[in-house]
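Please open the structure in a viewer and keep the selection tool at hand.

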Amino acid sequence: MREPQQDRSRVTRRRLLEATIDCLAENGWAATTVGVVATRAGVSRGAAQHHFPTREDLITAALEYMFDTRMQMAREEAVDLPVGEGRTIAVVERLVDYYTGTLFKAALQVWTAAASDPALREWVLPLEDRFGRTAHRMAVDQLGVDGSDPVVRAAVQATLDLARGLGLADLLTDDSARRAEVVRQWASSLDAQLGARSR
């Protein structure tokens, strides 16, 4: 009897976390309330508050859950990356896909709200730091470069900044054709720079 209850609890928790991310990405920070998330997840408000007593607990857990899920997917996808020619563009495309995806759009809503809310900023900054470090480390690993080299470190950070900028540009309009060309050009430049550093 206990196992099915634990399973139901895990399923409810996951549904709440996924509904939170979707609500943030689609409706923004102000409209993502515990009640709205509970309704979208198909659970009672009481069940939502049992798992997450505050809105901040819910949103923090949702961002961490989706980030961890996305990073696990990226690790699994890394096995399929081409070796040699084509690897750099494949990595850059995946990074840009991450920054044009639902998690980035959801996180951006929270980050934007935190810019003018000191209390919210206090709990967002550690998340941003963790996300940034992990994304950088993963990009270094997937590119197969020496992350201790300052030139490489700067090139990888520039790649992440470019991906973030392309993600911002994608918020209001679909600019996928232009984005594909920018990614191709940047990957070519990055490949030449990293190749010169003899990977």
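Are Arg179 and Asp175 buried or exposed? Select the two residues and display their side chains: both Arg179 and Asp175 are buried. Their side chains meet in a salt bridge, with a distance of 2.8 Å from N to O. Now extend the selection to Lys105, Asp170 and Arg178, for salt bridges that share partners join these residues with Asp175 and Arg179 into one network. Please bear in mind throughout the tour that the model is predicted.

**The whole protein**

The protein contains 9 helices and 0 strands. Followed from the N terminus, the order of elements reads α-α-α-α-α-α-α-α-α. Along the principal axes, the C-alpha atoms fill a box of roughly 60 × 40 × 30 Å.

Next, display the surface. The accessible surface comes to about 10600 Å², and 53% of that area belongs to carbon and sulfur atoms. Of the 199 residues in the protein, 40% are buried. With regard to contacts between residues at least 6 apart in sequence, 68% join residues that are at least 24 apart.

Colour the charged side chains as well. There are 25 positive and 28 negative side chains in the protein, and the centres of these two sets lie 4 Å apart.

**Two further salt bridges**

How many salt bridges does a search of the whole structure find? The search finds 12. Two more of them may be visited here.

Select Arg10 and Asp7. Their side chains form a salt bridge at 2.5 Å, N to O. Both residues belong to helix H1 (residues 2-27), and because they are 3 residues apart, about one helical turn separates them. Arg10 is partly exposed, with a relative accessible area of 47%, and Asp7 is also partly exposed, at 34%.

Then select Arg70 and Glu77, whose side chains meet in a salt bridge at 3.7 Å, N to O. Arg70 has 17% relative accessibility and therefore counts as buried, the cut-off being under 20%.

Centre the view on Leu172, which lies in the loop between helix H8 (150-169) and helix H9 (176-196). Why does Leu172 count as exposed? Its relative accessible area is 82%, and the term applies to values over 50%.

**Trp186 in helix H9**

Move along to Trp186, which lies in helix H9. Trp186 has 25% relative accessibility and so counts as partly exposed. Which residues is Trp186 in contact with, leaving aside its neighbours within four places in sequence? They are Val92, Ala155, Ala158, Thr159 and Leu162. Use the distance tool on Trp186 and Thr159: although the two are 27 residues apart along the chain, their C-alpha atoms are separated by 8.0 Å.

The last stop is helix H7 (residues 118-143), where His136 is found. His136 counts as buried because its relative accessibility is 13%. Show the side chains around this residue: residues up to four places away in sequence not being counted, His136 touches Arg153, Val156, Gln157 and Leu160.

Val140 is likewise placed in helix H7. At 9% relative accessibility, Val140 counts as buried. Beyond its neighbours within four places in sequence, Val140 is in contact with Val145, Gly147 and Val156.

To finish, select Val140 together with Arg153. These two residues are 13 apart in sequence, and from C-alpha to C-alpha they are 7.9 Å apart in space.

Terms used
Residues are numbered from 1 along each chain as its sequence is written. This is a predicted model: local features need pLDDT of at least 70, side-chain atom pairs count only at pLDDT 80 or more; totals for chains, interfaces and linings use all residues. Side-chain values use heavy atoms; hydrogens and water are left out. Helices (H or I, at least four residues) and strands (E, at least two) are DSSP runs, numbered from the N terminus. Buried means under 20% relative accessible area, exposed over 50%, partly exposed in between (1.4 Å probe, protein chains only). Contact means heavy atoms within 4.5 Å. Accessible areas come from the Shrake-Rupley method with a 1.4 Å probe; for residues, only the protein chains shown count as cover. Lys and Arg count as positive and Asp and Glu as negative; His and the chain ends are not counted. The place of a charge is taken as NZ of Lys, CZ of Arg, CG of Asp or CD of Glu. A salt bridge is a side-chain nitrogen of Lys or Arg within 4 Å of a carboxyl oxygen of Asp or Glu.
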